[in-house]
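Here is a friendly walk through one protein model, written to be read with the structure open beside you. Take a look at the sequence and the fold, and then follow along.

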Amino acid sequence: MLFLRLLLFVVSFGFLAAAVGIVLYDIYLAFELNRILRLGERPPKDLAVNQAARTSSEVAPVSGLAGETATPGARPAFYLAPRSAGPRRAIRWSAAAKLVAIAALSSLLAKSILVVPDGYAAVRVSQISGVRPGTLYPGTHLLMPLMQRAQLFDIREKVYSTAASESPREKGLEILTVEAREGLSVGLAVTVRYRVDPRHLDYVDANLPQPIEDEIVAPVVTSTFRDLAPNYIVRDVFSTKRDEFRQRATQAITARLGEDQIIVKEVLLRKVLLPDQYQQGLQGLLMKEQEDDQVTVDQSIEQKKVKIAESQAEAQKVRQIKHSEADARTRVLMAQAESDAMQYTLPLKQKQIEQSKLEAEARKQTTIEDADAAAQARVKNAEAEAQAKVIDSKAEQQRRSLLAQTQNEETVRGAEAAAQAKVIDGKAEKERQDLLADAEANQIRVTAQAGAEKMQLEASALKVNPMLVQLTVAQRLSDRVQIMMVPTDGKFFFTNDVLKSAQAFPGLNEPPSRAGGKP
């Protein structure tokens, strides 16, 4: 349809140009014809005089014309007799008028076609009744030429912005300043996205001043923010209640512009410019708040460190307890192994057994006493260290309450863990010493019993076979005497007494009877 409209305009201008050309051409031909006719009607006055001045020797031209001579009264061949008054070249006014009518008709047809581009809408404005209801959306529409015209409106979203202060980047924008509750001037950088409601363009064209952005949107936005700002203090505008301030302004602007058929999409509060003095004071306040926050963070970090130290102390305590239990079990097992080993190493002398028994009893007593003394000393030292640390922690608590409290708890728990560990070590050492003493006592008892049994066996063996006396004496004295020479009739050797006793009791040489009375 846009091509058709353009084509009609071209045709209209073509017909109009043709009509003008026809008229001008006919006028030109009529003018040339009249000039030629005027030249033909003028009489020759000086022709005869000019011919008489020629020489007489001049003859007539061609033989066929010899009889003809130039006379003074002769007229030229191109001379035309004067015409009587009659019609001359006519101008084609009717054809030109038809062409003009066709051009006018084409122009009216072209003007009756309205093409609304994308992003725009239009309304019909009648020369008789004014704005007609209804909206012409993008596309092709028909109008009554010479009776109606179309008023186009941009229905795309538009942006109205203000600046908080003078800036090269925001040159040309209106500077919006409002007064807060304290009376301080605050600069606001605001952006409003809006568009005209296409359904009510007839109302907009008939009632609203143009341009809408300068005449309606700008005053409504600035007045709304200036009316709401006195309800807030400066701190609320730029921090705590900034969103509330923007939402109330959005609701007010939407309501006021909605009455004028303007749809508000979004209101943005881009920047809040504070006064210089207030900004300096606010920076100082923020620095103090940051310092307070830093102190709070440090306190939380110290508390976490205390918790970490407590957990580490608990873990260390558990590790020490486990280690002590493991050491105690190891020592018990070692003592048991030593006692088991001692059961297989009993060929000791009676004197060594007695001496070892006495030494074991002495060591046992000494070990028990040392263990008790060491345990008591360790307990007292742990209690003294705990009391000292408690006193130190209390003194540190007066200097700095939070750190002293955490250190006090850590010190007390460490002291308790150390005391418990030392008590456990003392108990384990005491148990080990007890086990060692019991093992040694058991060893002594077993050794004594084994020695007694051995002596009984040897005595019975000697009674049965007195000749074993020398072997027994040799074995007993083998560590000191290698060879022993005994006379057969020695008077002062104890084996003679033994032999004499054996001979005095001949029943000793008989073997013991078996069970049941049989020899």
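## The nonpolar cores

The largest nonpolar core has 39 residues, and those with the most contacts inside it are Leu188, Val190, Val221, Phe225 and Phe245. A nonpolar core here is a set of buried Ala, Val, Leu, Ile, Met, Phe, Trp, Tyr and Cys residues joined through side-chain atoms within 4.5 Å. Buried means under 20% relative accessible area, exposed over 50%, and partly exposed in between, with a 1.4 Å probe and protein chains only. Two or more residues come from each of β2, β9 (185-196), α4 (201-207), α5 (212-228), α6 (234-240), α7 (242-258) and β10 (262-273). Of these, α5 gives the most to this core, with eight residues. The helices (H or I, at least four residues) and strands (E, at least two) are DSSP runs, numbered from the N terminus.

What is Val221 in contact with, leaving aside its neighbours within four places in sequence? Its partners are Tyr160, Val190, Val192 and Ile253, where contact means heavy atoms within 4.5 Å. There is also a second, separate core of five residues, with Leu114, Val116, Leu136 and Leu143 among them. As background, nonpolar side chains tend to be buried together in soluble globular proteins.

## About the model

This is a predicted model, in which local features need pLDDT of at least 70 and side-chain atom pairs count only at pLDDT 80 or more, while totals for chains, interfaces and linings use all residues. Residues are numbered from 1 along each chain as its sequence is written, and side-chain values use heavy atoms, leaving out hydrogens and water.

## A three-stranded sheet

Next, follow the strands. An open sheet is formed by three strands in the order β3-β2-β5, with antiparallel pairing. Its edge strands are β3 (130-131) and β5 (148-154), each of which pairs on one side only. Two strands pair if DSSP finds at least two bridges between them.

Strand β2 (residues 120-126) is joined to β5 by seven bridges. Along this pairing, Val123 has Gln151 as its bridge partner in β5, and Ser126 stands opposite Gln148. Towards β3, the antiparallel pairing of β2 covers two bridges, and here the partner of Ser126 is Gly130. Three residues lie between β2 and β3 in the hairpin that they form. Strand β2 is mostly covered, as five of its seven residues are buried.

Phe13, Leu16, Val20, Leu24, Ile27, Trp93 and Val100 make a nonpolar surface patch of about 680 Å². Two or more of its residues come from each of α1 (2-40) and α3 (93-111), and α1 gives the most, with five. Patches are made of residues with over 30% relative accessible area and no salt bridge; like charges are joined within 9 Å, and nonpolar side chains (Val, Leu, Ile, Met, Phe, Trp, Tyr) within 5 Å. A salt bridge is a side-chain nitrogen of Lys or Arg within 4 Å of a carboxyl oxygen of Asp or Glu. Accessible areas come from the Shrake-Rupley method with a 1.4 Å probe, and for residues only the protein chains shown count as cover.

Val20, in helix α1, counts as partly exposed because its relative accessibility is 44%. Ala101 belongs to helix α3 and is also partly exposed, at 45%. The C-alpha atoms of Ala101 and Ser12 are separated by 9.2 Å, although the two residues are 89 residues apart along the chain.

Beyond its neighbours within four places in sequence, Ser324 is in contact with Ala421, Ile424 and Asp425.
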